[in-house]
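Subject: Structure handover and notes

Dear colleague,

I am passing on the structure below, together with my notes on it. Please read them alongside the coordinates.

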Amino acid sequence: MCETRNRFVGLEPKKRVEALEDIDRRDFILFCTTIAATLGLEASWVPKIAEAVERAARKPSVIWMHFAECTGDSEAFIRSSYPSTEELILDILSIDYHETLMAASGEAAEEALRLAMEENDGKYIAVCEGAIPMATPPGPNGKPGDYLRVGGKTGIELAREVCGRAAAVMCVGNCASFGGVQAQYPNPTGAVSISKATGVPTLNISGCPHNVVNSVATIINFLLLGSLPKADKLGRPLFAYGKRIHDTCPRRAHFDAGQFVEEFGDEGAKDQWCLYKVGCKGPQTYHNCSSVEYNDGTSWPIKGGHGCIGCSEPQFWDNMSPFYERLPNIKLPGVEATADKVGLTLVGAAATGAAAHATYTLLNRKKFDETLKDDEGEE
Ligand code: SF4
């Protein structure tokens, strides 16, 4: 993959186009098909996506800012392999500033940011990774936001300057979108999301890290329609965050049937039963993990046997933990009691034979369906 990536890095735009022509057409169409499916578009959109990517008259300028974070979202972004997400990104975008990827450092980097903003004023996409510390450190010389300074400026100053002059602001990851781990109790640095720190509305590709398929699909949407996709009340694009994990989970049939993993490594775990009892937060989490998966569609937590920890939701470190205990405030009234009852019932059913098992399962399935209907009504 690195060899492939290196074909593009440092090449002049014209040479990049030539290199892009070398990319296997079939992979490219597969990539466009994946993006169309992610955006919820019909197959007839695939040629239009291909055309938008190939014929983008002017590559949208991107200024990628790092604030208080672990760089996991940049890692996710640059480690996507072909069907050439990263190669296409290098080619369809003009990434004019990215502290982790660019060669410049020190004053040259500051100059690169100044130039990128000046040359693309009001037209660039600001991609933000990380939260903004707002608090004042203790001591006689502390100033608000001093917990994060880059090139002499606080994170607050940089975020307001860069986001305030952007055509659109896209937050990648939970930290930029909602504050992330550093914004959790007791939050000594006073970390907040980009939109709270700047007052600028943001499109939030949340997750820890975000899924690169979703950020790429958002950019393609921008290229295709000239606008950002529709978002939910938390600023997350509906194509990626419109459904609960619980509603698209491949283990859902086991939840409905009352078949739960009681502890990791048990028979239920081997049979890939529902992970609710070992802490899965899928019933309260909105994300398209089950359809796009991570690492180029290789897997995702629930497929790997680990419950969802709710990483695309605001304050998930506080609200969703302990991660290995059942949801404390689950919106499904009675599920906890019912789940226990079902568990006991299944033990009895196993002892008395398959017919009894089926009867109990059906009875409890009805109960779960009613409960879920109540839950849907609440939303
Ligand atoms: S509780 Fe978790 S594992 Fe079980 S069906 Fe819902 S999302 Fe899937």
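This is a predicted model: local features need pLDDT of at least 70, side-chain atom pairs count only at pLDDT 80 or more; totals for chains, interfaces and linings use all residues.

Residues are numbered from 1 along each chain as its sequence is written, and side-chain values use heavy atoms, with hydrogens and water left out.

Helices and strands are DSSP runs numbered from the N terminus (helices H or I, at least four residues; strands E, at least two). The peptide bond from Tyr-185 to Pro-186 is cis, with omega near 0°, and Pro-186 sits in the loop between helix 9 (174-178) and strand 8 (191-192). A cis bond also joins Ser-321 to Pro-322, again with omega near 0°, and Pro-322 belongs to the loop between helix 17 (316-319) and helix 18 (335-352).

Thr-71, although not a glycine, has a positive phi of about 70°, and it lies in the loop between strand 1 (61-66) and helix 5 (72-78). With a relative accessible area of 21%, Thr-71 is partly exposed, where buried means under 20%, exposed over 50% and partly exposed in between (1.4 Å probe, protein chains only).

Ala-126, in strand 3 (residues 125-129), is buried at a relative accessible area of 0%. Beyond residues up to four places away in sequence, Ala-126 touches Ile-63, Val-162, Ala-166, Ala-168, Val-169 and Met-170, a contact being heavy atoms within 4.5 Å.

The structure holds 13 salt bridges, each defined as a side-chain nitrogen of Lys or Arg within 4 Å of a carboxyl oxygen of Asp or Glu. One of them joins Asp-121 and Arg-165 at 3.1 Å, N to O; Asp-121 lies in the loop between helix 7 (106-119) and strand 3, and Arg-165 in the loop between helix 8 (155-164) and strand 7 (168-172), so this pair ties together parts that are 44 residues apart in sequence. Another links Arg-236 with Asp-232, their closest N and O atoms being 2.9 Å apart; Arg-236 is buried at 2% relative accessibility, and Asp-232 counts as buried at 18%. Finally, Arg-244, Asp-247, Arg-252 and Asp-256 are linked in a network of salt bridges.

Best regards
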